[in-house]
Amino acid sequence: MTQVLATTVVVASLYALLAAGYVLVYRATRVLNLAQGDMMTLGGYFLFLLTTAAPGSPALSITTAAALAAAAGFFIYHLLMRPMAGHPIFAAVLVTVTLGILLRAAIVLVYTDRIRHPLPLLGLANPPRRLPGGAVVSTFDLLTVGVAAALFLALFAFLRLSPLGIQMRAAGEKALLAAQRGINFQLLFALSWALAGFAGALAGILYANNVRLDPSLGVLGLKAFAVALVGGLDSLGGVIPGALIVAAIEVLSVRYGDPLLADVSPFLCLLAMLLVRPWGLFGTKEELERV
Amino acid sequence: MTSVLELENLEVVYHHVATAIQGVSLRVPPRSIVALLGTNGAGKTTTLRAISGFLGADDAQIVGGRVVFLDEAVTGRPPHTLARRGLVLVPERDKVFETLTVRENLRAIVPGRRADRGAARPPVTLDQVFHYFPVLAERRRQLAGYLSGGERQMLALATALLCRPRVLLVDELSLGLAPLVVESLMTMVARLRDDLGLAVLLVEQNAGAALAIANYGYVLEHGRIVYDGSADRLLAHEDVREFYLGVGRSTGRKRYTDVKQYRRRRRWF
Amino acid sequence: MAHGGGYFKTTYASDLALVDTRLRRTALAALIVALLVLPRLTSPFVLDLVAQTALAAVGALALNLLTGLAGQISLGHAGFIAAGAFTTAVLVEHRLPSPLLALPAAALVGAVLGVVVGIPALRLKGLYLALGTLALHHVVLYACGEFQNHWGANTGVSIPPPRLGGWVLKGTTAWYYTLIAVAALVVALSVNLQRSRAGRAWMAIRDREIAAESVGIDVARYKVLAFVWSSALTAVAGALFAYQRAFVSVEAFGFFLAIEYIAMITIGGLGSALGAVLGAAFVTLLPYGIDAVVAGLRVPGGAEYYLFPLKFGAFGLLMAAFLIFEPQGLVGIWRRARNWLSLWPLRYRPLRPAS
């Protein structure tokens, strides 16, 4: 029982990291970044790149990889998403799909689709740990939970308390009014993409060390957007309950049901939510009419 | 300088075919309130949008004339550049951030630089804002979306003030508000002119309220300025009284076809 | 048919005609002749390409009906194709491999699935609808995967060549003619649907749903109808896929297939039957085009490995380029070219903005 609980929290943390990326970009630009999963993969491969370039210094490699992914997010906004400014939102979402394709193609081109394991190259280990209550998790499982918690705390503080965060929320609500009040919303939109890249990279780095690294990790991104939708696409707070619910259902269906069903269960949650309460647990209802 | 903001023969066309405003020229001197009057569809909002760099969304283009702000041509510059230099618009709709609290609305504003090109800009702090609009201090923690119409307008003015404006463009301040509220808001705007030396271009359908505080006024009809003069002259003018102030003529009702035309002012360049 | 100088129609018959001007009739006749004679002029490889394009066009036209015409964004297209293909597989496993049964059955399954998707879809719009259809795609694939595992064929189900009475549909040329004929039928169907009452209702719903409802269009009925038509046609295309490839496996129907079809209608031009066909041709022929370019450049051996991500990446790049620079797609380019040609040497000058 405690094992189920522990696994749920771990899985939920990973999903939460990815879903945070979806929500940040959606709140700011009203675009669903369907390439979030591939940005996670990109982060993992940045780490791999750095393990070969700067072997044996994990702290440097990890921070640089995350920083590179943030920068990538920033430039992706300016190159791909900013030109889509006047176009219908669905077209912009399709552009994110092409972004995912491009990222995957680039990764396979450079690194092939061999499975990689950066963990030993970093000089780190991932021993299992026993929790009170008898559950067993790996070290990186615990790190995932910790990192997710820290990121969410930081994001809440940023968006609620700092002027820049408030401006980002303002620009996400009414970009024109923001411009009329001197706010450079294009920069803030790019920043939201950078944060999404950063969060995705954290997820990718943790997963790559914990499990493995290969170009098809992006599918986790698709599951994570079910989390974002269940919680409410424009609610960062909703990600946490959403992640826990979806993770719980997935873990339970692996344990007591069919493993194939586990892959589909996030989408079943998504469908159920869309039928019952399309704006999610904590999203704003008006969002539905906007699109 | 003679005027903070000046429009020279501005012409705006929608969808390449429909002229919205034509030959519009006006001047806003420092430390004054200039009223721009007109009915629905006269072109007032288009004029404001043309000034504040916000036409593109509606497939509209400035095809003639120019906008001069602080002796510099700024025609077609984007909104956030103009806002930072002190040309601030209080829009008719979408004037506050509804999902943010009052306090967050105020904190989100980027204050302009203290002095720009030699001339000092009115210094405005958060305390001053709360001094002018005490009700905002009371409702600090409330979501802006839940404010009443008058409070919303006050928040909109407050956020505009925090940008340290040199000229304030106000679009339909009185829209949808009760007469008492309108009066208090207008008095507030007049106070801001006197205390902070602001220049204000007040676009209004409610001519009476606007002319009560304005120094000078222009009348816009079908996209053209048909009359202008000091506020007193406008208040005394027969046709302005009849059509914009609702004050009837003493000689009984007139038919629309019997209306005297305004003396058209032509600008020669 | 009476003329009116080509610009004015003087009889009802000429107004309703699909092909109205003499130039268009000649062009159509030439196209038909070319298609009929093609097998004598080219290799089986080219014939196969054209056949693939025709089949892709059927799917693209069906998606265009739903997304381009009725404005209902669907990311679940691959699910409908899979449904049609797996209907065929189910029938084959039950020893009923005849296409006379499989094609209508696929259409029926598609239609039912269209109702199943369409009714809940009434509550959703835009992005949420797209996500819902994507989720549904995964559910359909899961069901197909379960079927595939259940019948013990872990890699897939093989489909024997379709048999009509004594005649067996086999060989590139036979498939070519069949698929061209099917595609032509679907093009005619598509164009006629566009001009029908349903088509006008769909376009009204796409452009402004509230206004459509207020002029008396039964929005719910027409939205479900769009899903039903689209998914029935798509399922039929899926059944044809199954027969042509002679093999059905759930891996062939991933999300990327849905993206390919979306690319076809966006690159081709949303809302236009011609666009769907052009887009289908573009997306189908692109990988072969890249092959040809790479072969022509005489890249050193071992580089074949890079072809897959290269094709994948080129597809993504081109799709992004069309979305950003040419939102009206190939049809938009064609229309601009046609207008330029017909107006030349005159040119319409738009109003110039003040500098």
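Reader: How many residues does the contact take from chain C and from chain A?

Author: Please bear in mind that this is a predicted model. The contact takes 33 residues from chain C and 32 residues from chain A. On the side of chain C that touches chain A, helix H6 (126-150), helix H11 (255-268) and helix H13 (304-325) of chain C each supply at least two residues. H6(C) provides the largest share of that side, 13 residues. By residue class, the side of chain C that touches chain A divides into 23 nonpolar, seven polar and three charged residues.

Reader: How many residues of chain A are in contact with chain B, and how many of chain B with chain A?

Author: Here 15 residues of chain A are in contact with 22 residues of chain B. H7 and helix H8 (175-180) of chain A each supply at least two residues of the side of chain A that touches chain B, and H7(A) gives the most, with six residues. The residues of this side of chain A divide into seven nonpolar, four polar and four charged.

Reader: Let us turn to chain B. How many helices and strands does chain B have?

Author: Chain B has ten helices and twelve strands. Of its 269 residues, 46% count as buried. Among the contacts in chain B between residues at least 6 apart in sequence, 71% join residues at least 24 apart.

Reader: How does one read the order of strands in a sheet, and which strands of chain B form the open sheet of four?

Author: One lists the strands as they lie side by side and then considers how the neighbours pair. The open sheet of four strands in chain B has the order S2-S1-S4-S5, with antiparallel pairing. Strand S2 (18-28) and strand S5 (72-73) stand at the edges, each with a single partner strand, so one side of each has no neighbour in the sheet. S1(B) and S2(B) pair over seven bridges in the antiparallel sense, and B:Val13 has B:Thr19 as its bridge partner in S2(B). The hairpin of these two strands has three residues between them, and B:His15 takes a positive phi near 50° there. Strand S1 (residues 5-14) is also joined to strand S4 (residues 60-69) of chain B, by eight bridges, and these two run antiparallel. One of the pairs is B:Glu11 with its partner B:Gly64 in S4(B). Helix H1 (residues 44-51) of chain B lies across S1, S2 and S4 of chain B, at about 110° to S1(B).

Reader: Which way do the residues of S10(B) point, and are they buried or exposed?

Author: In a regular strand the side chains alternate between the two faces of the sheet. In S10(B), B:Ala199, B:Leu201 and B:Val203 point one way, B:Val200, B:Leu202 and B:Glu204 point the other way, and all are buried. Strand S10 (residues 199-204) of chain B is thus described as mostly covered, with six of its six residues buried.

Reader: Which strands pair with S10(B)?

Author: Strand S3 (residues 33-37) of chain B pairs with S10(B) in the parallel sense over five bridges, and strand S9 (residues 167-171) of chain B runs parallel to S10(B), joined by five bridges. B:Val200 is the bridge partner of B:Ile33 and also of B:Leu168. S9(B), helix H7 (residues 179-196) of chain B and S10(B) make a right-handed β-α-β unit.

Reader: Finally, where is B:Leu89 placed, and why does B:Leu89 count as buried or exposed?

Author: B:Leu89 lies in strand S6 (residues 87-90) of chain B. A residue is buried if 20 or more other C-beta atoms lie within 10 Å of its own. B:Leu89 has 29 other C-beta atoms within 10 Å, and is therefore buried. Leaving aside neighbours within four places in sequence, B:Leu89 is in contact with A:Gln180, B:Leu48, B:Ser52, B:Leu169 and B:Asp171. The C-alpha atoms of B:Leu89 and B:Asp171 are separated by 7.7 Å, although the two residues are 82 residues apart along the chain.

Conventions: Residues numbered from 1 in each chain as written. Chains lettered and ligands numbered in written order. Predicted model: local features only at pLDDT ≥ 70, side-chain atom pairs only at ≥ 80, totals over all residues. Buried ≥ 20, exposed ≤ 12 C-beta atoms within 10 Å, placed from the backbone. Pairing = 2+ DSSP bridges. Right-handed = clockwise from strand over helix to strand, strands pointing away. Contact = placed C-beta atoms within 7 Å. Nonpolar A, V, L, I, M, F, W, Y, C, P; charged D, E, K, R; others polar. Axes fitted to C-alpha atoms, helices over the stretch in contact; angles between N-to-C directions.
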